Amino acid sequence: MIVLGYNGFTDGADTFGRLYGATGIDRHSILGHDAAVSLFVDGELVAAVEEERMNREKKTSDFPAGSLRWCLNTADVRLDQVDVIAFPWSFSGDVVDTMIQDISSSGLSVEQKFDRLRRFGELYGGLVCREALHADFKRRTGYDLPADKLVPVPHHFAHLMCGYYLSGEQDAAFLVSDGRAERLSSVMGEVRDGEIRLFEKSSISVNHSLALLFGEITRYLGFMPNNDEYKVMGLAAFAEPPSENPLLRHVAALHEDGRYALALANDPSGTRGYYPLLDRLFGGDERRREETEFRATVAAAAQQMVEVVTEHQLRALEAGSDLDRLIYEGGLALNCVNNSKLLENSRFTDIHVSFGASDPGVAIGAAVYAGRLKGRSRSVPATPYLGPSYSDGQLLGALRDRADRVDWTELDEEAVAEQTAKLLTEKNVVGWFQGRAEYGPRALGNRSILANPGFADIKDIINTRVKHREPFRPFAPVVLESDAARVFDMGKKAASPYMTFVFPVRPEFHDVIPGAMHVDGTSRVQTVTAESNPKLAELLRVFTELTDVPCLVNTSFNVAGEPIVCSPGDALDCFLHTEIDHLVLGRFLVVKK
C-alpha cells in the first residue's frame, strides 16, 4: 500500500492576506504553513521533505509541488500508483456547521458576525472544502485525483499520529496543543492499539488558544508570530517572572478537567486587543517594548504562564489515563524548556516529542491516520533523515560551478571525521553537509554548523559573523548518547535525539562547554548514537579524544530568515556569503579562495 501525505495550498498566502491581513510580520499566521510531503510504502516512511527546502521560502504555505516530485521520484512511484492521499485539515459538514454556530452565538455585533461569516465562507469555498482541494491538486500536478483517494484528516489527529508513529506505535496518553486546528486549539486523550479516545470535556477552543496567545506576546515584543516564539523562550532565561505574574492573574484562568480560559477570547479586535492589556499589565509602551530588560520580564512571565497552564492540563490527563507514556505534539510542544518541566513534574515515565512536533509533522501524521498504518510496534523510532541526499558526482558538480571562489580537497571516507575534528579543536566554524537532509525545524547533524563549545565567545562569533541574529540566542550541544548523562542532568530521559528537551549542565562541565550553555545553566541537547547517525557519532568520538570536550555546538546550516540548506549548491552559497571558516561537503573539505 502506498500512502502520501501533504500540506499546503497554492493560494493560501494570498487568501489569508486578503481576508485576514496576514502579511508582513503576520505572514506565517495562516493555514498550510510548513508545507511538506511524506510518502509511505507498505507502512514504512521512505521519504519526506518540507517545501521550504525546495523553493527556499521559509515556512512556505505553497502547494508542495517540488516536495511531491522529489518524494515520488525517490521511491520510483507514479501518482496513479498511490492508494491514499491524505491532507491534514478536515472541514467536514459538522465542523463547518459548528463553526458557523460559534460565530452566530458570539458576543459580536450583527455587522461583525456577518463580516466573519463572509470571510469564513470565502476561505471555505476557495481553499479548504473538498472541491477546492481537488482543484488545487489537479492545477499543480495535472493529475485528476479520484475523489475516493483524497482523505482529509482532522488537524490534531494528524499531529497525534505523527508522534504516535515516530515514537514506535505504542499505547500512550497524548496532549496536542497547537495554535489552531479546525476549531479547537488543544485536545487530550489516549491511543490504544492505534485507536484514539478523546477526553472531549478537556478540549480547548481556538478562541482560548494558549499557543496563539504566546504568539501574540511574541509579536508584542517585536518578533514574528508563528516563527519566533523560541526567541521569547530563550529570552525568558534572562529575567525572573514577576512575583505575582499578571498573565496568571488577569489573562489565563484555570478551570476543571484541565480546561482554561483566556481574557479577550472573543474580542472583536482579535489578538491585537492584547496590546493595550499587556501595556497596562507590564507598564509598557512602544519605547519600552524595545528595551531588552522589559522584553525579558514579559518573556519570563509568558514562559511561566505556558508552564503553569500546560501542567494544569497534564494533571487532568494523569487523572484520566493509567498509561505511563505521553505523546506531546503540536506547535507548543517545541517549547523545550516546558517539555522538561512537564516530564519531571509528572508521573509519566517518559514524554515523546517528535522531530515533526510542529506543522511539518502533519504531512506524516495525516498519512499514518488515513492509511491506518498501525499495529507494528517498533522499539526503534523512525529516522529524521528522510530528505534528499547527493552523490559525489553531484557534490563535485556544485563545487566546479563555483571553482572561481572555492578550493577543495577530496578526503578518504575514514579521514573525514579526523580532519574535521582537528579543525574544530581551534576556534573554527564548520559547515557540515552529509547524507540525507533531516526533517523538521531542527538541524540534527546532516545540515549543521558545528563549533567547539569550549570557547566561551563562540556563541557571539556564530551569532554575529554567521547567523546574523540576536546576541541573546543560545546554541545547542550534540553529544554521544553514552556521554550525555555524564555531562547533563538528564532526569528521566536516557536520550534526547531531536533537541526537544533542555537539561541542566552538570557543574563540573560549566567551564568545559560554556559555548553550548544558556545563561541559566541549561542546554537544549541532541544525543547521537552510531546507529542513528554514524558519521556524526564518529566525529564526536574523535573530537572528544582530541580535546576532552564531550560535545559540539550544533546549529542549523542557514542564516536568519532562510530555510536550512538542502542541496550542495545551497550549502556552498551559504558558506560563501557568511564567515563560516570551512565546509565539509560529504568527503570534500572546502575553503574559500
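**Ground rules.** I number residues from 1 along each chain as its sequence is written, and side-chain values use heavy atoms, without hydrogens or water. Since the model is predicted, local features need pLDDT of at least 70 and side-chain atom pairs count only at pLDDT 80 or more, while totals for chains, interfaces and linings use all residues.

I found Val96, Met99 and Ile103 of H4 buried (under 20% relative accessible area; exposed is over 50%, with a 1.4 Å probe and protein chains only). They cover an arc of only 60° around the axis, so they sit on the same side of H4 (arc taken from the directions from the helix axis to the C-beta atoms). Asp94 and Gln101 are exposed on the face turned away from the buried side.

**H4 against H5.** Helix H5 (110-128) is part of what covers those buried residues. The two helices are roughly antiparallel (angles over 145 degrees). The contact (heavy atoms within 4.5 Å) includes Met99 and Ile103 of H4 and Leu117 and Phe120 of H5.

**Leu444.** I then looked at Leu444, in the loop between strands S15 (430-433) and S16 (447-451). It counts as buried, at 1% relative accessibility. Its contacts beyond four places in sequence include Phe355, Tyr385 and Met499.

Notes
Helix = DSSP H or I, 4+ residues; strand = E, 2+ residues; numbered from the N terminus. Parallel < 35°, antiparallel > 145°, perpendicular 65-115°, else oblique.
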